[in-house]
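The sequence and structure are shown first.

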Amino acid sequence: MAKSEKKSKTAKPAKGLKSSYPYYLAGRAVAANGDLDVLDKYSGKRATRVAMADAAAVRKAIVAAHKAREAMAQFAPDRRRDVLEHCVRRFGERFEELALALCIEAGKPIKDARGEVTRLIDTFRIAANEATRDPGTLLELQISPRTRGYRGMVKRVPIGPCSFITPFNFPLNLVAHKVAPAIAAGCPFVLKPAIKTPVGALIIAEILAETDLPEGAFSVLCCSNEDASLLVEDERIKLLSFTGGLIGWDLKARAGKKKVTLELGGNAACIVDADPGASLDHVVERLVFGAYYQSGQSCISVQRIYAHADVYDKLRKKLKAAVGALRMGDPREESTFIGPVVDEQAAQRIQAWIDAALKGGAKRIAGGARQGTMIPATLLENVPRDAELYRKEAFGPVALIEPFDDFDAVIDRVNDSDFGLQAGVFTGRLDHAMRAWDRLDVGGVIVGDVPSFRVDNMPYGGVKDSGQGREGVRYAIEDMSEQRLLVIRDPTEAV
């Protein structure tokens, strides 16, 4: 148990959360203990307690998912749709509860929290639509005299039990991007949410428990990383989907024969061309959103800004004013834009990277001193290219800006990264937009906006150290299913 999660016997539960939450084993609530303290990330006080599962419970969940594989595969598509639509309805009814839980357990400003609940609903609604979509294909096998009379068809079938491990920064929507496609595909699953932010996932489990999913179809367990190793290594699990840090590659090496999908972050870049294709005021508005939304704790947060020399000075001036005006404070207040980062350790790391960059010759355009877990929105220029703040994922409210002269050269600069999740390009030139799409070594190129843009039905994932595989409901369903071929011969046709 991390230091920040130790029990506080005297603290009172935060308003808006229950005093305790069970975990869900094979679809049933288990109030085994109250071993995990979940902190209010702004006050640092205990917000609630959550039951922790041990290795035996994790093993039981895997056994239950394995036993449920046939029942889930036979659970008709319209029934899967009905389950997902029930969740959509219940999320709407519990909208403010879910938003407040996010605000408390993740320190997410309330406006951002409501936005994430909206995306949770969107993701389950998309999955409901996909549940009854026909994924089959017909094959024309009569390609020569030898194959006359043969017909071919392909359908997708569930891959089987899945294990999901999710991070702290989107406790609802990153859970949704695993759970909703699994239900639509007909796969039982075991989910381990981040122990720093487990409440949202447990509310989702509570709502799933209201449905008629087959027995054992789902488990949502808060557990230690050691006990979660079963979710990685057990051969009865057929797919592991992990969102988090670079440790994902180690998990992949331990996963054996199972399919593995990974989303491991990035240090996203955004290019502002000489002709950005929009007013600089609009570009600044989007850059500020992309870099500092939910305190920069997003895998596609704008971290590196490359501005053409023709617009650099004006853009820099406008960014300085806009970033400096962002309000930092209590995430429950509607006017707050910058809330706390997830814990003191993260805040210390981010501040250390900022200090090292400044010592190496960087200049601070906007920002200020850290206050516990609160880091003012920070903008730096002239950051050394070997600095951790330039090379690694900051995962905090800090962005870097530097000028460029040549569009092809700046594409090379963007690509000079171990990561490749998404990149943004503001340009009014079609040839530059197409060149960026052709040459940027990333999973997605966003033209006319920041790389932080995501719609929940689009393919989302990266290359290089950013991971492998794609999320986005339809694409996740493809990973959670396998193709099965049927060939039929008509004996009445001569061969």
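## Nonpolar cores

In this predicted model, the largest nonpolar core comprises 64 residues. The members that touch the most others are Leu84, Phe91, Phe124, Phe189, Leu208, Leu213 and Met480. Helix H5 supplies the largest share of this core, with ten residues. Apart from this core lies another, of 38 residues, including Ala269, Ala347, Leu380 and Leu421. In soluble globular proteins, nonpolar side chains tend to be buried together.

Phe189 illustrates the packing within the largest core. When neighbours within four places in sequence are set aside, Phe189 is in contact with Cys162, Phe164, Val179, Ala182, Ile183, Leu208, Ala217, Phe218 and Ser219. Of these contacts, Leu208 is itself listed among the core members that touch the most others.

## The three-stranded sheet

Strands S1, S5 and S4 form an open sheet in that order, with mixed pairing. Strand S1 (20-21) and S4 are the edge strands, each pairing on one side only. S4 (residues 36-39) runs antiparallel to S5 (residues 46-50), and four bridges join the two. Across this pairing, Leu36 stands opposite Val50, while Asp37 stands opposite Arg49.

Is S4 covered on one face or on both? Both faces are covered: Leu36 and Val38 are buried on one side, and Asp37 and Leu39 are buried on the other. The charged residue Asp37 is thus among the buried positions of this strand. In the hairpin, six residues lie between S4 and S5, and Gly44 adopts a positive phi near 80°.

## The second largest pocket

The second largest pocket holds about 500 Å³ of space. Its lining consists of 21 residues, of which Arg80, Arg133, Pro135, Arg156 and Ile477 are the closest to the pocket centre. By class, the lining includes nine nonpolar, two polar and ten charged residues.

Several elements give two or more residues each to this lining: helices H3 (77-93), H5 (110-131), H6 (173-185) and H16 (473-479), together with strands S7 (150-158) and S23 (481-489). S7 gives the most, with four residues.

Terms used: Residues numbered from 1 in each chain as written. Predicted model: local features only at pLDDT ≥ 70, side-chain atom pairs only at ≥ 80, totals over all residues. Heavy atoms only, no water. 1 Å grid on protein atoms, 1.4 Å probe; cavity = no way out; pocket = protein on both sides within 12 Å on 5 of 7 lines; lining within 4 Å. Points joined across faces, edges and corners; volume = space filled by probe spheres on them. Core = buried A, V, L, I, M, F, W, Y, C linked by side-chain atoms within 4.5 Å. Buried < 20%, exposed > 50% of the residue type's maximum accessible area, 1.4 Å probe, protein only. Contact = heavy atoms within 4.5 Å. Pairing = 2+ DSSP bridges.
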